[in-house]
Amino acid sequence: MADKTDRMNDLTTFISTNTGVKGLVDAEITEVPRLFHVPSSTLSNNRPSDISDLNLTVPIIDLGEITNDIDVTSSRNNVVSKIKDAAEKWGFFQVINHGVPLTVLEEIKQGVRKFHEEDPEVKKQYMSTDLNKRFLYNNNFDLYHSSPVNWRDSFTCYIAPDPPNPKDIPVACRGAVIEYTKHVMELGDLLFQLLSEALGLDSEILKRMDCLKGLFMVCHYYPPCPQPDLTLGISKHTDNSFFTLLLQDQIGGLQVLHQDYWVDVPPVPGALVVNIGDFMQLITNDKFLSVEHRVRANRDGPRISIACFFSSSLSPNSTVYGPIKELLSDENPAKYKDITIPEYTAGYLANIFDGKSYLSNFRI
């Protein structure tokens, strides 16, 4: 009981500063507070000493093949085949030559960094426990659910289906957020087509199911950590999305759990990371995998990452999702119950980082 009381006292003190993890680093701490400590067994990479026999490289897929080749159909089929393989075996892949200009990628990274490095009084205006606000600066959205607390600060911006008033987005990142998410929606359109084809279905089926309807972004700032072996940037979890499009800077730290090993997802200049989310695993009846991933803390920093989730999250959305009928048969019956995204998300957020897949609660 004392431990719980101590944790709540530490948490209350941390929250009351309104300066997040960056505030701790700005105060020049040399030790990570116990609130952030994770068991050493949790931090283990669980990597074999000899991995030469294992292909532990997250697939990199060149979307430029679709437009650059004379035989467009053949090239598209080749890309679809690679996406199918990656979605089935890894649940993760990186895309290059995706059409989002490098200048746009750099501007959103700079915009995110700029906001997080604003005066605390400016950031405080955007703090709230109301998860329905269009723009929300909340240090760790999981503060009360996550034990330990993660070594990062974050802000969330809800983009679609109801775009925010530009005035609701801080000046530091306003233009960059608006421009970047415009490109993300266009790329999302293409990726949903390719994923539909990878399922052997009509290219528009996922869009007709409104998978492209909702989009929100979470922009993380990972300050340099004095004791990175004691904490995590983000604890292991799966995403409550159809898929997530992630832009990471050059520092690295993202890892995906594959064949029971934590595998690094190395930064590739100009690339975007795609990871399959829980809703995609549900509607594909386990054909595509939503896998656990995490972020290591770093001595280097700050590290910037921008995650765009194709999901309506907690926004009102009455669409009921279950396994796609065209994928089912007597040999492959439905493995999941039907659920709405807001219902799923409410439970997901209440149980986030508890070490178990929330999706498993909906297995038939």
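Visitor: What limits apply to the values?
Guide: In this predicted model local features need pLDDT of at least 70 and side-chain atom pairs count only at pLDDT 80 or more, while totals for chains, interfaces and linings use all residues. Residues are numbered from 1 along each chain as its sequence is written, and side-chain values use heavy atoms, with hydrogens and water left out.

Visitor: How many salt bridges does a search of the whole structure find?
Guide: A salt bridge is counted when a side-chain nitrogen of Lys or Arg lies within 4 Å of a carboxyl oxygen of Asp or Glu. Over the whole structure, the search gives 16.

Visitor: Which helix holds both aspartate 26 and lysine 22?
Guide: The side chains of these two residues, aspartate 26 and lysine 22, form a salt bridge at 2.8 Å, N to O. Helices (H or I, at least four residues) and strands (E, at least two) are DSSP runs, numbered from the N terminus. Aspartate 26 and lysine 22 are four residues apart, about one turn, in helix H2 (residues 20-26).

Visitor: Is lysine 22 buried or exposed?
Guide: Buried means under 20% relative accessible area, exposed over 50%, and partly exposed in between (1.4 Å probe, protein chains only). Lysine 22 has 14% relative accessibility, so this residue counts as buried.

Visitor: How many residues apart in sequence are the parts that lysine 287 and glutamate 88 tie together?
Guide: The closest N and O atoms of the lysine 287 and glutamate 88 salt bridge are 2.9 Å apart. Lysine 287 lies in the loop between helix H10 (278-283) and strand E11 (293-296), and glutamate 88 in helix H5 (residues 72-89), so the pair links parts whose separation in sequence is 199 residues.

Visitor: What is the relative accessible area of glutamate 117?
Guide: Glutamate 117 forms a salt bridge with arginine 113, with the closest N and O atoms 3.1 Å apart. Arginine 113 is partly exposed at 33%. Glutamate 117 is also partly exposed, and its relative accessible area is 36%.

Visitor: Why is strand E10 largely enclosed by the rest of the structure?
Guide: On one side Leu272, Val274 and Ile276 are buried, and on the other Val273 and Asn275. Strand E10 (residues 272-276) is largely enclosed because its buried residues number five of the five.

Visitor: Which residue in E10 is the bridge partner of leucine 245?
Guide: Two strands pair if DSSP finds at least two bridges between them. Strand E7 (residues 243-248) pairs with E10 in the antiparallel sense over four bridges. In E10, leucine 245 has as its bridge partner valine 274.
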